[in-house]
Amino acid sequence: MIYILAFFLPPLGLLLNGQPFAAILNLVLIVCCVVFGLIFPVLFLVPSLHGIIAVHMRREDRKHREVVEAIRRHGPPPT
């Protein structure tokens, strides 16, 4: 669900994912891409792609931290 929100409303999706600085950067990207998107229409996709990539990277970072914390608590897996 957060990926859909990050695609259609990238700043809101980033805020709800706990990334306020990325949301501000995304707002700046939206302004720039609207201005230059009139010349190069593909630029309209840049803020949405940034939102999706930022959400994905944040979720992968959370998973990585959970695995590292589990290894710290329980030790490495048996070989």
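Where does proline 47 lie? Proline 47 lies in helix 4. This is a predicted model. The report below starts with the whole chain, then turns to single elements and residues.

**Overall form**

The protein has four helices and zero strands. From the N terminus on, the order of elements is α-α-α-α. The radius of gyration is 17 Å, well over the 12 Å that the globule rule gives for 79 residues, so the protein is more spread out than a compact globule. Along the principal axes, the C-alpha atoms fill a box of roughly 60 × 25 × 20 Å.

Buried residues account for 24% of the 79 residues. The accessible surface is about 5,900 Å². Carbon and sulfur atoms hold 77% of that surface. Contacts also reach along the chain: of those between residues at least 6 apart in sequence, 52% join residues at least 24 apart.

**Helix 4**

Helix 4 covers residues 46-74. How far apart are its end C-alpha atoms? They are 42 Å apart. At 1.5 Å a residue, the 29 residues should span 42 Å, so the two values agree.

Several residues of helix 4 are buried: Pro47, Ser48, His50, Gly51, Ala54 and Val55. What do the buried residues of helix 4 pack against? Their partners are helix 1 (2-8), helix 2 (10-16) and helix 3. After helix 4 comes glycine 75, with a positive phi near 85°.

Proline 47 has a relative accessible area of 6%. Buried means under 20%, so proline 47 counts as buried. Leaving out residues up to four places away in sequence, proline 47 touches Pro10, Asn26, Leu29, Ile30 and Cys33.

Asparagine 26 lies in helix 3, which runs over residues 20-37. Its relative accessibility is 0%, so asparagine 26 is buried. With residues up to four places away again left out, asparagine 26 touches Pro10, Pro11, Leu14, Pro47, His50 and Gly51. What lies 2.9 Å from a polar atom of the side chain of asparagine 26? It is the backbone oxygen of proline 47.

**An aromatic pair**

How many aromatic pairs does a search of the whole structure find? The search finds one. The pair is formed by phenylalanine 7 and phenylalanine 8. Their rings are 5.0 Å apart, centre to centre. The planes stand at 85°, and the pair is edge-to-face. Phenylalanine 7 is partly exposed, because its relative accessibility is 33%. Phenylalanine 8 is exposed, with a relative accessible area of 62%.

**The segment after helix 4**

Proline 77 sits in the segment after helix 4. Is proline 77 buried or exposed? Its relative accessible area is 59%, so proline 77 is exposed.

**Distances in sequence and space**

| Pair | Apart in sequence | C-alpha to C-alpha |
|---|---|---|
| Proline 47 and glycine 18 | 29 residues | 17 Å |
| Proline 77 and cysteine 33 | 44 residues | 48 Å |

Proline 47 also touches cysteine 33, whereas the C-alpha atoms of proline 77 and cysteine 33 are separated by 48 Å.

Definitions and conventions. Residues numbered from 1 in each chain as written. Predicted model: local features only at pLDDT ≥ 70, side-chain atom pairs only at ≥ 80, totals over all residues. Heavy atoms only, no water. Helix = DSSP H or I, 4+ residues; strand = E, 2+ residues; numbered from the N terminus. Buried < 20%, exposed > 50% of the residue type's maximum accessible area, 1.4 Å probe, protein only. Polar contact = N/O pair within 3.5 Å; in protein donor to acceptor, adjacent residues only side chain to side chain. Contact = heavy atoms within 4.5 Å. Expected span 1.5 Å × (residues − 1). Phe/Tyr/Trp six-rings, centres within 6.5 Å; stacked < 30°, edge-to-face > 60°. Rg over C-alpha atoms; globule rule 2.2 N^0.38 Å. Areas by Shrake-Rupley, 256 points an atom, 1.4 Å probe, with all protein chains shown as cover.
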